[in-house]
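This report covers helix packing and pockets in one protein model. Please look at the structure below before reading on.

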Amino acid sequence: MSDLGRFLPLSQRTPDGDARVSSDRREQLAAVVRLAAGRLAEAAPDDARAFARDAGLVRDLDDGAEADLHRLAAAIATGQRRTIRDLTAAVRAYLALAGAEEAPLPPDISGAVALHASASAPFARRAAISGHTVRASDAGWSFGRGPEITATADAIVAFLTGVSDTPPRRPPRG
């Protein structure tokens, strides 16, 4: 068995390579809330509450108080563990808030959400990327196998989460 083990993909890595890997998404979720807070700095308090509701975070807001997304981000960062589903909901709400404006997400967040959404999106969206390598043209990540389709990281995430109806496309031949 030891001869066969050297061909397994995980057998050649150092044992401490996964020490920083965690399924806890608190920091990433707090970063998305901070990005939304920056967009909503000049907006009405109801807009911040609407974002929190759409992101599934309204239970974390102080009752009766004005929705303060910076305080919410700090509470999330130090609070209970958060899942990829929580992060996906917040990213979807953030991209919907940003609309057609430039709203770049950090690559680690967009990549994690795109990978999760590629497995949990409605069938039609999963079918649109099935059998392809999906590559973010601006974030340095890709997943899947097959002919390459590309778009910006935010465009891929927006499509897979249902914010946009524009799927990634094959790059032009040239």
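## H6 against H8

Helix H6 (residues 107-120) and helix H8 (residues 153-161) have axes that come within 9 Å and cross at roughly 30°. That makes H6 roughly parallel to H8 (angles under 35 degrees count as roughly parallel, over 145 as roughly antiparallel, 65 to 115 as roughly perpendicular and the rest as oblique). The H6 and H8 crossing is left-handed (the near helix is turned anticlockwise from the far one by less than a right angle). Ser110, Val113, Ala114, Ala117 and Ser118 of H6 make the contact with Ala153, Ile156, Val157, Leu160 and Thr161 of H8; contact means heavy atoms within 4.5 Å. By class, this H6 contact with H8 has seven nonpolar, three polar and no charged residues.

Some terms apply throughout. Axes are lines fitted to C-alpha atoms, for helices over the stretch in contact, and angles run from 0 to 180 degrees between N-to-C directions. Helices are DSSP runs (H or I, at least four residues), numbered from the N terminus. Ala, Val, Leu, Ile, Met, Phe, Trp, Tyr, Cys and Pro count as nonpolar, Asp, Glu, Lys and Arg as charged, and the others, Gly among them, as polar.

## Model basis

The model is predicted: local features need pLDDT of at least 70, side-chain atom pairs count only at pLDDT 80 or more, and totals for chains, interfaces and linings use all residues. Residues are numbered from 1 along each chain as its sequence is written, and side-chain values use heavy atoms, with hydrogens and water left out.

H5 packs on H8 at an angle of about 110°, with the axes 10 Å apart. That makes H5 roughly perpendicular to H8. From H5, Thr88, Val91, Arg92 and Leu95 meet Asp154, Val157, Ala158 and Thr161 in H8. The classes here are four nonpolar, two polar and two charged residues.

The axes of H5 and H6 come within 10 Å and cross at roughly 105°. H5 is therefore roughly perpendicular to H6. Ile84, Arg85, Leu87, Thr88 and Val91 of H5 make the contact with Ile109, Ala112, Val113 and His116 of H6. Six of these residues are nonpolar, two polar and one charged.

## Largest pocket

The largest pocket holds about 260 Å³ of space. A pocket is an open set of points on a 1 Å grid over the protein atoms alone, where a 1.4 Å probe fits, with protein on both sides within 12 Å along at least five of seven lines; lining residues have an atom within 4 Å of a point.

The lining has 18 residues, and Glu101, Ala103, Thr152, Asp154 and Ala155 lie nearest the centre. Helix H5 (84-98) and H8 are the elements that give two or more residues to this lining. H8 gives the most, with four residues. By class, the lining has 12 nonpolar, two polar and four charged residues.

## Second largest pocket

About 170 Å³ of space lies in the second largest pocket. Its lining has 12 residues, with Leu40, Ala41, Ala48, Ala67 and Leu69 closest to the centre. Helix H3 (45-54) and helix H4 (69-78) each supply at least two lining residues. Nine residues of this lining are nonpolar, one is polar and two are charged.

Conventions
Grid points are joined across faces, edges and corners, and a volume is the space filled by probe spheres set on the points.
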